[in-house]
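Dear colleague,

Please find below the structure I am handing over to you. My notes on what was found in it follow.

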Amino acid sequence: MILPSAIEFVEVGPRDGLQNEAVILATNDKLSLIERLIDAGARRIEVASFVNPRRVPQMADAEDVCAGLPPRGDVTYVGLVLNLRGAERALATGRIDQLGAVAVATDSFAMANQGQTCAGSVAAACDIVALANRGGASGQVTIAAAFGCPYEGEVDPSHVVEMARTLAQSGPAEIALADTIGVADPWRVTELVRRVSDAVAPLPVRVHFHNTRGTGLANVWAAVGAGATIVDASVGGLGGCPFALGAAGNVCSEDVVYMLERAGIATGMRIDALIATSQWLGSLIDKQLPGMAARAPAFPPGA
Ligand code: ZN
């Protein structure tokens, strides 16, 4: 295992994190969250999804959030989209720098999540990336349920590698592997990250883990050791997926930052500011967030 000296950190709390929270945050609170995350060092943030507001009420104000984003040339704002209509909405805001498309590894989950087959989701993702590139943005694709499906169970790694190969031809900035329902383990993560990295090189591989079964941090560690250079996380460990039963939150930003920085892997994030943001957000939505670092004393003391 050769560890990198740095990774790129992507904060997904304002989108994937909030999406499954029962409390609907006011647009201004979402913007405060985004500003705090920027202050903490985040330079790529998933800020909204452009999906049917009847299915995801938390994201109904996506356009308003975009209108209020701090104008920062050094921050990449990501909008999640599932189809061309969503992509056009995101680009029309003029504030989204990168479209995030989702291809789903199994037909059953693709149907439940976005009303497409697996192949249909791959085709749609390729179209979204092409539209982003034409529209002056960039595009990236996440392969959802890459490590397991809530309906079909095991997912064949070779199938995911083939999906990644096809998606890579559409010109994305990266390919991401998402453990949407939190079933991955470090062994499988190591294998799949290595194989997908080989298949899409020189494109980078991003990873997206949920901590449903407590393997989230171990999976981040395995992924970084296997060649993933970009890591998603959500402040406080917020989040889940409304369409995946029992799915817990994302791996927690401050916990991931603590682990990686202690190993000498730079994340660009200030853990004290992340912890303060996590505590602020927990009180705002009146919930004990699952992240651990924000509940522990600073280490080393005074850090
Ligand atoms: Zn997720």
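Is Tyr151 buried, partly exposed or exposed? With a relative accessible area of 47%, Tyr151 is partly exposed. Please keep in mind throughout that this is a predicted model.

Aromatic pairs

Tyr151 belongs to one of the 2 aromatic pairs in the structure. Its partner is Phe109, and the two ring centres are 6.1 Å apart. The pair counts as tilted because the planes stand at 45°, a value between the limits of 30 degrees for stacked and 60 for edge-to-face. Phe109 sits in helix α5, which covers residues 107-114, while Tyr151 is found in the loop between β5 (138-144) and α7 (157-168). The contact therefore ties together parts that are 42 residues apart in sequence. In contrast to Tyr151, which is partly exposed, Phe109 is buried, at 0% relative accessibility.

Phe147 and Phe209 form another tilted pair, with 5.9 Å from centre to centre and 45° between the planes. Phe147 is located in the loop between β5 and α7, and Phe209 in strand β7 (residues 205-209), so this pair links parts that lie 62 residues apart in sequence. Phe147 is buried, with a relative accessible area of 4%, and Phe209 is buried as well, with 1%.

Zinc site

The zinc ion has as its protein donors Asp16 (OD), His208 (NE2) and His210 (NE2), at 2.0 to 2.1 Å. The spacing of these donor residues in sequence is D-x191-H-x1-H. Asp16 belongs to helix α1 (residues 13-19) and His210 to the loop between β7 and α9 (216-226), so the two tie together parts that are 194 residues apart in sequence. Both Asp16 and His210 are buried.

What did a search of the whole structure find in the way of cavities of 30 Å³ or more? The search gave 1 such cavity. The volume of the largest cavity is about 30 Å³. Its lining consists of Val10, Val12, Arg44, Glu46, Val78, Gln140, Arg206 and Asp232. By class, the lining residues comprise 3 nonpolar, 1 polar and 4 charged.

Yours sincerely

Methods:
Residues numbered from 1 in each chain as written. Predicted model: local features only at pLDDT ≥ 70, side-chain atom pairs only at ≥ 80, totals over all residues. Heavy atoms only, no water. Phe/Tyr/Trp six-rings, centres within 6.5 Å; stacked < 30°, edge-to-face > 60°. Helix = DSSP H or I, 4+ residues; strand = E, 2+ residues; numbered from the N terminus. Buried < 20%, exposed > 50% of the residue type's maximum accessible area, 1.4 Å probe, protein only. 1 Å grid on protein atoms, 1.4 Å probe; cavity = no way out; pocket = protein on both sides within 12 Å on 5 of 7 lines; lining within 4 Å. Points joined across faces, edges and corners; volume = space filled by probe spheres on them. Nonpolar A, V, L, I, M, F, W, Y, C, P; charged D, E, K, R; others polar. Donors = N, O, S within 2.8 Å, 3.2 Å for Na, K, Ca; no water.
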